[in-house]
Structures are given as structure tokens and as C-alpha cells.
Amino acid sequence: MPNTYTQIHIQTVFAVQNRQSLIRGRWRAELYKYITGIIQNNNHKVLQINGMADHIHILFGMRPTQSLSELMKQVKQDSSKWINNKGLVNGRFSWQSGYGAFSYSKSEIPVIINYIKNQEEHHKQVAFQDEYLKLLQDFDVKYDERYILKPVL
């Protein structure tokens with residue numbers, strides 16, 4: 001669309017179904033490349049992607065040509081299908097329903113990139129559920145506890 005100029009930075013966070021630790025180090029980087037490709041093919045720009053065995057963080061520049069919910073639906077569906085087609089886990093892989101999404105100003109981007117890059121160090125001190133709840137609270141996002149992160153099985 002001519003004369004449309006935006007600067008939208010979004011961090012999304014979502015977990016493996018039942019917060020199981022299924023994302024293995026041996027194929028994690030390949031998963032991140034695949035997800036980056038999905039986002040880029042939708043004309044958005046990945047700035048940082050990383051996570052842990054049970055969840056993922058993605059920081060990206062978003063163009064207003066697609067809704068966030070449609071993009072996340074595609075990322076989660078296509079990456080689940082990719083994991084299952086490659087047989088990377090025993091049984092069926094799926095992401096937990098829903099996601100968290102948080103917007104940032106340009107000046108905050110270097111800090112958020114560093115935060116996402118250092119997930120392993122961060123989670124030596126902070127559990128994922130605590131991290132996620134803190135994000136929701138910091139951004140004053142109202143939530144229903146019945147739907148927040150199903151427990152680890």
C-alpha cells in the first residue's frame with residue numbers, strides 16, 4: 001500500500017503442548033530457521049529467535065499486511081507439521097494453544113534481542129511460567145488463570 005509507513009516490533013512467546021521439553025538441541029537451530037522462513041515468506045523480519053526445550057521467543061518487525069493471529073496460526077501449524085513430518089519427536093508434536101505477544105519501541109530492541117539470545121542463562125534463575133506471568137504483568141495484560149500455561153506432565 002503506497003504511503004504506508006510503520007515500525008512495529010513484536011515479541012511472541014509460546015509453549016510446547018503441556019510444556020513438555022521436546023525441542024531438542026540437535027534440531028533446534030533447524031526449527032528456528034524453518035520458523036524464520038515462515039515469517040519472512042509473509043514479509044515480516046525476524047530480529048531474534050531462541051528458546052528452551054519447552055518454549056520459544058520470537059522478536060520480529062511486523063508489516064501491517066497480515067494479522068498477528070493469522071501469522072501465529074501459520075507459524076505454529078507449519079512448524080508442528082514440519083516437526084511431525086521429520087519424525088523429530090516420539091508421538092505427535094503440537095504447540096499449546098494461544099501465545100503471548102508484546103510490542104516494543106525501537107530503543108528497546110537491543111535489550112530484547114539480548115534477552116532472547118540469553119534464554120539458557122535466564123532460565124537458570126527464572127522458571128518459564130514465572131517469566132511468562134511477569135511479561136503479562138509488566139505489560140498489564142489481563143488474563144484468566146484457567147488458560148495460562150498448562151502444567152508440565
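The model is predicted.

**Helix H5**

- Helix H5 spans residues 128-138, and its buried residues are Phe128, Glu131, Tyr132, Leu133, Leu135 and Leu136.
- After H5 comes Asp140, which has a positive phi, near 55°.

**Aromatic pairs: Phe14 and Trp95**

- The structure contains 6 aromatic pairs.
- One of them joins Phe14 and Trp95 in an edge-to-face arrangement, with 4.8 Å centre to centre and 85° between the planes.
- Because Phe14 belongs to strand S1 and Trp95 to the loop between helix H2 (68-85) and S4, the pair ties together parts that are 81 residues apart in sequence.
- Both Phe14 and Trp95 are buried.
- Together with Phe93, Phe14 and Trp95 make up one aromatic cluster.

**Aromatic pairs: Tyr104 and Phe139**

- Tyr104 and Phe139 also form an edge-to-face aromatic pair, at 5.4 Å centre to centre and with 85° between the planes.
- This pair links distant parts of the chain, since Tyr104 lies in strand S4 and Phe139 in the segment after H5, 35 residues apart.
- Tyr104 has 9% relative accessibility and therefore counts as buried, the cut-off being under 20%.
- Phe139, at 31% relative accessibility, counts as partly exposed, a class that lies between under 20% and over 50%.

Conventions: Residues numbered from 1 in each chain as written. Predicted model: local features only at pLDDT ≥ 70, side-chain atom pairs only at ≥ 80, totals over all residues. Heavy atoms only, no water. Buried < 20%, exposed > 50% of the residue type's maximum accessible area, 1.4 Å probe, protein only. Helix = DSSP H or I, 4+ residues; strand = E, 2+ residues; numbered from the N terminus. Phe/Tyr/Trp six-rings, centres within 6.5 Å; stacked < 30°, edge-to-face > 60°.
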